[in-house]
Amino acid sequence: MGENRDAIPEEIRREVRRSCGFGCAICGLPIYDYDHIIEYSEVKEHKFENLVLLCPNHHRSKNKTIPLSEIQKAKNDPINLRTGTTLPEMINFRGNKIDVFIGSNHYSKVFDNIRNETYPLVIDNVPVISFRKDMDKILLSITIYNSSNEPLLIIEDNEMIMSTIVWDITYIGNTLRIDSNEVSQVIVIHFDVNRSVISLQRANYSFNNWHITIDSKGEVLCTSPEKMRGFSGVSGGNNPNASSGFVIIDYSSNTGFLIGEGDLNKYKPLVKFG
């Protein structure tokens, strides 16, 4: 405790994250610590072979109820790489109002007794971000895909699961970053459960032949080689009575990034892993 040590180099941290499937090697939880299997105080170095991801519970249990042999076994065969996804993690929202930021654009919804669902972001009639009210809970659902329309992130009714086929995932504080590959396909989402706010801060990914980017200034750009041009700098969407916020849809001969109510009957259900 209190010893001075160099930080683990980021390239080694990334290699450890990927090798453990972006979660605890034992249970798969995406909340974890970087653990030296043989304590740093003994080895005085950071080596990939001696590093593993452990959730706080299993980290505390190391050498108490879990022997080093079991830690090493889990590192060699982490549960998330066997299942292809991380262990579900709950994100809990409560209250009567949600706020969603897509880049610098703001969408707000106050729930009432008439309509208990809302769709802040819809692409080609697929709800990418949606909320529904259930008693005192606000249930969030998000689906993020890669360029092959395979799900990378699914949050369904506040239960979050991530695919392990991605290049990298970091979940630091309340900010989740998913890198589908080394050079592109980036998503950065910030969750504020105390205020029931989510922010899609950065994006560079494709879905259904749309390419969506959100730059460092919060500007949104939607382009499609098959659906004409895209739109940038979208504003508005702050209508608490609307059932949907930002809708990206193809009108055959036209391309639109619309703000306002959508046709809820056309929205397709969320997909699942597997």
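## Lysine 133

The backbone oxygen of M135 lies 2.3 Å from a polar atom of the K133 side chain. The K133 side chain also reaches the backbone oxygen of G95, at 3.2 Å. Both distances fall under the definition of a polar contact: a pair of N or O atoms within 3.5 Å, where within protein one atom must be able to donate a hydrogen and the other to accept it, and residues adjacent in sequence count only if both atoms are side-chain atoms. K133 itself lies in strand β8, residues 126–134. Helices (H or I, at least four residues) and strands (E, at least two) are DSSP runs, numbered from the N terminus.

K133 is buried yet has no salt bridge. The nearest side chain of opposite charge, D136, is 6.2 Å away. Lys and Arg count as positive and Asp and Glu as negative, while His and the chain ends are not counted. Buried means under 20% relative accessible area, exposed over 50%, and partly exposed in between (1.4 Å probe, protein chains only). Leaving aside residues up to four places away in sequence, K133 touches G95, N96, F111, N116 and I138; contact means heavy atoms within 4.5 Å.

## Basis of the values

The model is predicted: local features need pLDDT of at least 70, side-chain atom pairs count only at pLDDT 80 or more, and totals for chains, interfaces and linings use all residues. Residues are numbered from 1 along each chain as its sequence is written, and side-chain values use heavy atoms, with hydrogens and water left out.

Strands β5 (residues 97–102) and β6 (residues 105–110) run antiparallel and are joined by 6 bridges; two strands pair if DSSP finds at least two bridges between them. I98 stands opposite K109 in β6. The two strands form a hairpin with 2 residues between them. In the turn, G103 has a positive phi of about 65°.

## Helix α4

Helix α4 spans residues 68–76, and I71, A74 and K75 in it are buried. These residues cover an arc of only 100° around the axis, which puts them on the same side of α4. The arc is that of the directions from the helix axis to the C-beta atoms.

The buried residues of α4 pack against α1 (10–19) and β2 (51–54). On the face turned away from the buried side are the exposed residues S69, K73 and N76.

## Salt bridges

A salt bridge is a side-chain nitrogen of Lys or Arg within 4 Å of a carboxyl oxygen of Asp or Glu. By this rule the count comes to 13 salt bridges. One of them joins R13 to E10, with the closest N and O atoms 3.6 Å apart. R13 and E10 are 3 residues apart in helix α1, so about one helical turn separates them. R13 is partly exposed, with a relative accessible area of 25%, and E10 is partly exposed at 35%. Both residues belong to a network of salt bridges that links E10, R13, R14, R17 and D168.

D77 forms a salt bridge with R82, the closest N and O atoms being 3.2 Å apart. D77 counts as partly exposed at 39% relative accessibility, whereas R82 counts as exposed at 53%. The side chains of R177 and D179 meet in a salt bridge of 2.8 Å, N to O. Here R177 is partly exposed at 35% relative accessibility, while D179 is buried at 8%.
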